[in-house]
Amino acid sequence: MIQMTLIQIDNYGPWTVTPKPRTESDLQILQAELFADVQRQIAAKKGLVFFTRFDNLLAVTNGLNEEDHMRIQRSIRNRYPVTISMGVGAAETAHEAQRLATIALQEKGGAQSGRKEILAINNLIENPEDSFVQAAHIDINSVTETLTDIESAFDTSFMVNKAQHYLMTKLREKGALLFFIGGDNFMSPCNGLNEEDLTKILIDIKEEIGIGLKAGIGRADNIEDAAYMADIGLEIIREGNNKEWIHLIEELQ
Ligand SMILES: Nc1nc2c(ncn2[C@@H]2O[C@H](COP(=O)(O)OP(=O)(O)OP(=O)(O)O)[C@@H](O)[C@H]2O)c(=O)[nH]1
């Protein structure tokens with residue numbers, strides 16, 4: 001099972017304009033610092049946070065228990081002008097896990113309802129033997145040669161976004177998620193997605209929009225190790241001059 005946590009800034013919309021609109025650059029700094037802060041704390045337990053919408057972060061949290069979540073909330077409250085609420089869910093697919101996490105939090109009140117520092121747990125992985133994460137690290141082939149060094153920065157960003165949208169659409173249908181992690185890189189928590197299905201998705205996108213992709217896949221009881229194995233898989237594809245679409249690594253090396 002994969003466990004996911006939704007992290008939501010409490011009552012953030014009203015706060016950004018009270019008593020009058022706050023300087024946008026300050027809001028951007030707050031969001032970036034909060035993301036880095038939560039990432040540092042969740043990574044200490046081998047979890048991984050995705051910046052998602054910044055006011056809503058999604059994290060893979062296999063290995064974190066109730067106390068771990070509460071400690072992060074307390075630490076943020078002590079140091080930031082905002083508080084965070086969290087929802088936690090675990091399921092066979094990443095999409096279902098984040099859905100359960102979201103419902104648990106939504107049932108405690110809306111994002112702008114005055115709700116404060118709620119920890120809403122639908123279910124947590126109690127038995128470490130049930131903990132399983134499959135992650136795919138997906139990368140655009142030769143982005144430096146074909147886009148970064150040729151197109152304008154904005155147009156490259158537009159193409160990367162387009163690839164992201166196609167990947168999200170196709171992976172979501174299979175119960176998998178897809179997050180942009182910087183450069184031309186995407187991370188997909190994808191429990192239950194088999195190698196044939198992922199290969200077909202990459203081939204279809206190449207045919208539909210002409211963007212070549214490759215994916216390393218890793219499997220472990222936590223996302224840190226699964227993502228590391230996925231990185232190794234990507235390196236192996238690069239060493240073979242991008243002839244493979246995907247490469248699965250199941251053992252830590
Ligand atoms: N988050 C993250 N970003 C990375 C990683 N590796 C590379 N990047 C980013 O991706 C950009 C492009 O690097 P590459 O993907 O190695 O370059 P490329 O030209 O596509 O080359 P190939 O992947 O070998 O086809 C870099 O500038 C980084 O911003 C990674 O492991 N994680």
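Modeller: Let us begin with the surface. Accessible areas come from the Shrake-Rupley method with a 1.4 Å probe, and for residues only the protein chains shown count as cover. Here the chain exposes about 12,500 Å², of which carbon and sulfur atoms supply 50%.

Colleague: What conventions apply to the model?

Modeller: This is a predicted model, in which local features need pLDDT of at least 70 and side-chain atom pairs count only at pLDDT 80 or more, while totals for chains, interfaces and linings use all residues. Residues are numbered from 1 along each chain as its sequence is written, and side-chain values use heavy atoms, with hydrogens and water left out.

Colleague: How many helices and strands does the chain have?

Modeller: Helices (H or I, at least four residues) and strands (E, at least two) are DSSP runs, numbered from the N terminus. The chain has eight helices and 10 strands.

Colleague: What does the radius of gyration say about the chain?

Modeller: The radius is taken over C-alpha atoms, and the globule rule is 2.2 Å times the number of residues to the power 0.38. For 253 residues a compact globule would have a radius of gyration near 18 Å, and the chain agrees with this at 19 Å. Along the principal axes, its C-alpha atoms fill a box of roughly 55 × 45 × 30 Å.

Colleague: Which share of the residues is buried?

Modeller: Buried means under 20% relative accessible area, exposed over 50%, and partly exposed in between (1.4 Å probe, protein chains only). Buried residues make up 48% of the 253 residues.

Colleague: How are contacts read along the sequence?

Modeller: A contact means heavy atoms within 4.5 Å. Of the contacts between residues at least 6 apart in sequence, 67% join residues at least 24 apart. With a relative accessible area of 3%, Ala120 is buried. Leaving aside residues up to four places away in sequence, Ala120 touches Met86, Gly87, Val88, Ala104, Leu105 and Lys108. From Ala120 to Thr102, 18 residues apart in sequence, the C-alpha to C-alpha distance is 9.0 Å.

Colleague: Where does Ile150 lie, and is it buried or exposed?

Modeller: Ile150 is placed in the loop between α5 (143-148) and α6 (153-172). Its relative accessibility is 58%, so Ile150 counts as exposed. Ile150 and Arg79 are 71 residues apart in sequence, and their C-alpha atoms are 44 Å apart in space.

Colleague: How are the charges counted?

Modeller: Lys and Arg count as positive and Asp and Glu as negative, whereas His and the chain ends are not counted. The place of a charge is taken as NZ of Lys, CZ of Arg, CG of Asp or CD of Glu. The chain has 24 positive and 38 negative side chains, and the centres of the two sets lie 7 Å apart. Arg99 lies in helix α4 (residues 94-106), and it counts as partly exposed at 37% relative accessibility.

Colleague: How many aromatic pairs are there?

Modeller: Rings of Phe, Tyr and Trp (its six-membered ring) pair if their centres lie within 6.5 Å; planes under 30 degrees apart count as stacked, over 60 as edge-to-face and the rest as tilted. By this rule the count comes to six aromatic pairs. One of them is the stacked pair of Tyr12 and Trp15, with 6.1 Å centre to centre and 20° between the planes. Both residues lie in helix α1 (residues 12-16), three residues apart, about one turn of the helix.

Colleague: Why is the pair of Phe180 and Phe186 tilted?

Modeller: Their ring centres are 5.9 Å apart and their planes stand at 55°, so the pair is tilted. Phe180 counts as partly exposed at 27% relative accessibility, whereas Phe186 counts as buried at 0%. Elsewhere, Phe35, Phe51 and Phe54 form one aromatic cluster.
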